[in-house]
Amino acid sequence: MQLDPLSGWCQGISHCPSPNFNLRPEGEVSLLVIHNISLPPGQFGTGKVQAFFQNRLDPSEHPFFEEIRDLRVSAHFLIERDGAVTQFVSCNGRAWHAGVSRFDGREGCNDFSVGIELEGTDDLAFTEPQYAALVALVKQLRMAYPAITPERICGHSDIAPGRKTDPGPAFDWARLRAALVT
């Protein structure tokens, strides 16, 4: 995979453009937020995350889909259990992944962050292919956006404590950090 900083799109991965984004107020990218998601909750490989980020989720298919039917969200990237990476929003765009959030005293993290969703749950270990893809993607992002320092890579729970818990205790932060120094 290769990130083109001019367009903000990665080559060599799938693209599934989401309408749920807008322009960044400053154009700055200085934070990376890691999330987890599965739709329906706890089910993998359904293709429903892609449908959700494109506002195509059929609320009649599952009771949880009815609960989230009016949400308009996206992330820049999704890494599935097999390591497949899909991009929904250019890194130069403001994806709607963080919601009400705060990092280092600054509100509205969507304005200056890139969001990566890992297919999973808070309490189930992520897969080897997911970590490999995540490390490769983070390295690309850090080359294109040097303001994303190791200290500015966090979880959704870090920027929305009490409201969000992802990526959860099953995410191996030490593993990610060690892989990024090599």
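Start by selecting β5 (31-37), because this strand gives the most to the lining of the largest pocket, with three residues. Strands here are DSSP runs of E with at least two residues, helices are runs of H or I with at least four, and both are numbered from the N terminus. Before you go on, note that this is a predicted model, where local features need pLDDT of at least 70, side-chain atom pairs count only at pLDDT 80 or more, and totals for chains, interfaces and linings use all residues. Residues are numbered from 1 along each chain as its sequence is written, and side-chain values use heavy atoms, with hydrogens and water left out.

**The pocket**

Now show Asn36, Ile37, Glu117, His156 and Lys164: of the 24 lining residues, these lie nearest the pocket's centre. A pocket is an open set of points on a 1 Å grid over the protein atoms alone, where a 1.4 Å probe fits, with protein on both sides within 12 Å along at least five of seven lines; lining residues have an atom within 4 Å of a point. The space inside comes to about 540 Å³, counted as what probe spheres set on the points fill, with points joined across faces, edges and corners. Colour the lining by class and you get 11 nonpolar, eight polar and five charged residues. Here Ala, Val, Leu, Ile, Met, Phe, Trp, Tyr, Cys and Pro count as nonpolar, Asp, Glu, Lys and Arg as charged, and the others, Gly among them, as polar.

**The sheet**

Next, pick out the open sheet of six strands, in the order β3-β7-β6-β11-β5-β12 with mixed pairing. β3 (14-15) and β12 (153-155) are at the edges with a single partner strand each, so one side of each has no neighbour in the sheet. Two strands pair if DSSP finds at least two bridges between them. Zoom in on β6 and β11, which run parallel and are joined by three bridges. One to look at is Ile79, whose bridge partner in β11 is Leu118.

**The cores**

Select Phe77, Ile116, Leu134 and Leu141, the residues with the most contacts inside the largest nonpolar core, which has 27 residues. α3 (128-144) gives the most to this core, with seven residues. Such a core is a set of buried Ala, Val, Leu, Ile, Met, Phe, Trp, Tyr and Cys residues joined through side-chain atoms within 4.5 Å. Buried means under 20% relative accessible area, exposed over 50%, and partly exposed in between (1.4 Å probe, protein chains only).

**Leu3**

Jump to Leu3 in strand β1 (residues 2-4). Is Leu3 buried or exposed? Leu3 counts as buried, at 5% relative accessibility. Beyond its neighbours within four places in sequence, its contacts (heavy atoms within 4.5 Å) include Trp9, Cys91 and Leu141.

**Loops to finish on**

In the loop between β5 and α1 you'll find Pro40, joined to Leu39 by a cis peptide bond with omega near -15°. Another cis bond joins Asp166 and Pro167, with omega about 10°.

Finally, visit Asn55, where phi is near 60°, a positive value in a residue other than glycine. Asn55 is partly exposed at 31% relative accessibility. Asp104 also has a positive phi, near 50°, and is exposed, with a relative accessible area of 68%.
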